[in-house]
Amino acid sequence: MTEIFGFPIQALMGQLVLGLVNGSFYAMLSIGLSVIFGMLNIINFAHGAFYMIGAFLAWMGLYYWGISYWWSLILVPLAVALIGIAVERTLLQWIYKLDHLYGLLLTFGIALVIEGMFRHWFGVAGQPFDVPEGLTGGFNLGFMFLPKYRAWVIVASLTVCVGTWFIIEKTRLGSYLRAATENPKLTQAFGINVPIMVMLIYGLGVGLAGFAGVLAAPVLQVSPLMGSNMIIVVFAVVVIGGMGSIVGSIATGLMLGIVEAIPKVLYPEISSTMVFIIMAIVLLLRPAGLFGKER
Amino acid sequence: MSRRIEHTPVEYLRVTDLHAFYGESHVLHGMDFVVNQGECVSLLGRNGAGRTTTMRAILGLTGRRSGSIMLDGKDVIRLPPHRIARLGVGYCPEERGIYSSLSCEENLLLLPKVASGGMSVEEIYAMFPNLKERRHSQGTRLSGGEQQMLAMARILRTGARLLLLDEISEGLAPVIVEKLGEIIRDLKAKGYTILLVEQNFRFAAPLADRMYVVEHGRVATEIERRDLPSKMGLLRDYLGV
């Protein structure tokens, strides 16, 4: 059998894997957005820019400084987290008490500035990034060909997502983070240094975006615009999944990746609209999102 | 031991001319009071008199403040809340402040230790067996009484020596209120310093060594326990009971 309802099975499976790859990026980015919103009360429009910085740092590491992809996977998220912490300390911390709108505008501005700098330095044409040695080629599964790198992206990002879930839901540090998200003032009155927790969460959130950027570099083109292309869908993922649920972010991210990919075989015109159709339906039926708690 | 404390009281908390604001509204208008080491002092007053705000102001949870808050000889009014807590202040808020995103046990273990000498988790579970039974339940799934026990228990674990207890008897069944009274007597015997905000005069009266009546954001009068019988009329006027 090589067809389902007249559609080639090879193409369907190929799109399914691509969907899972994109979904992995959505999952990692939306976890960060959601924990940052929970704790800082800021809709972090700069999230896509940090993802883009991650991809560029990996690319620059490889072509300018001779840092291998594998080292980048560890070093780049840390570097992005540090940049994020610097932004939080110098800019964001002054606007926590203001309306959401200010945070949105400020981070949108930060995103434009960062994007502008990279456009100025590198132009808008994408930079090629070779698939690292050891992950080239693929597996022939009989019914389809599975590129190794795509499989690696899915495994690596799921591992990181589950690790993040574990830290937040199961550890002592995680209980501080959850408490500070739920009731920051009281938590601070109990002796927990909430401003440091806030800083760490921002670092963690954008560090995850940086990690996603490194993973994305060999699959997508490394370009200054890659973040803003991604961020709109990621916001939709957060809205559909519901704020504040990590499991929700992971599941919704993967699901939407697939939902977006499959129509590329069936009816390509609708593929990029699918996410927003689902968002509209979910908002009508469950305004708090699929995994969110009603307030 | 108790005689010595009676003769040479050591000031643990001294609040002087404390003003506090929520945004533009001026809530405390110069609170002045003292809590000595090992003493249980109660702030009495009607709703809105400023008792809860006094506690929140001590912890730095209100808006702008002025005046001085001496804690164990150190002025803490400029410190951020987490530093104040770390000096040994345990806070049991009026709304109990149990976290719904944490289990009962996570709620209990959340607060960092601020000094040695706190109760161990085993001792706490011996004191509040219900909490042990329900340790895996979501914090806010506990009954009102259990939540109040949890809110008390978690500050006993930290080693804090000054306990700020806000309306702990509110909305609880008489049996539980009685149990809380026993716990506070027990804590006094162990040398804890306690500031008690209470609406329930019958609960506070037998526990407090001294009382301050708070009105319009300042102390209206101070009553020693031994003068209580003769001042009941005055108290009735202030509290409207």
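**Interface and fold of chain B in the predicted complex**

In this predicted model, 18 residues of chain B are in contact with 14 residues of chain A. Two helices of chain B, H3 (81-86) and H4 (104-110), each supply at least two residues of the side that touches chain A. The largest share of that side, four residues, comes from H3(B). By residue class, the side of chain B that touches chain A divides into twelve nonpolar, four polar and two charged residues.

Chain B contains ten helices and ten strands. Its radius of gyration is 17 Å, close to the 18 Å that the globule rule gives for 241 residues, so chain B is as compact as a globular protein of that length. The C-alpha trace of chain B spans about 45 × 40 × 35 Å along its principal axes. Of the 241 residues in chain B, 43% are buried. Among contacts in chain B with a separation of 6 or more, 70% are accounted for by residues 24 or more positions apart.

Six strands of chain B form an open sheet of mixed pairing, in the order S6-S7-S8-S3-S9-S10. Strands S6 (89-92) and S10 (218-224) of chain B stand at the edges with a single partner strand each, so one side of each is left without a neighbour in the sheet. From one strand to the next, the twist averages 20 degrees. Within the sheet, S3 (residues 40-44) and S9 (residues 210-215) of chain B pair in the parallel sense over four bridges; B:Ser42 has B:Met211 in S9(B) as its bridge partner.

Two helices are placed against this sheet. H2(B) lies across S3, S7 (162-166), S8 (193-197) and S9 of chain B, and runs at about 145 degrees to S7(B). H2(B), comprising residues 51-58, is mostly covered, with eight of its eight residues buried; among them are B:Arg51, B:Met55, B:Arg56 and B:Ile58. Just after H2(B), B:Gly60 takes a positive phi of about 80 degrees. Helix H7 (residues 144-156) of chain B lies across S6 and S7 of chain B, running at about 175 degrees to S6(B).

For chain A, an unreviewed UniProt entry lists residues 12-37, 73-92, 101-122, 149-168, 189-219, 231-259 and 266-285 under "transmembrane region". In the model, residues 149-168 of chain A are 100% helix and 0% strand, with the end C-alpha atoms 28 Å apart. Residues 266-285 of chain A are 80% helix and 0% strand, and the end C-alpha atoms of this stretch are 26 Å apart.

How values were computed
Residues numbered from 1 in each chain as written. Chains lettered and ligands numbered in written order. Predicted model: local features only at pLDDT ≥ 70, side-chain atom pairs only at ≥ 80, totals over all residues. Contact = placed C-beta atoms within 7 Å. Nonpolar A, V, L, I, M, F, W, Y, C, P; charged D, E, K, R; others polar. Rg over C-alpha atoms; globule rule 2.2 N^0.38 Å. Buried ≥ 20, exposed ≤ 12 C-beta atoms within 10 Å, placed from the backbone. UniProt positions renumbered as here; feature names shortened; annotations may be inferred. Pairing = 2+ DSSP bridges. Axes fitted to C-alpha atoms, helices over the stretch in contact; angles between N-to-C directions.
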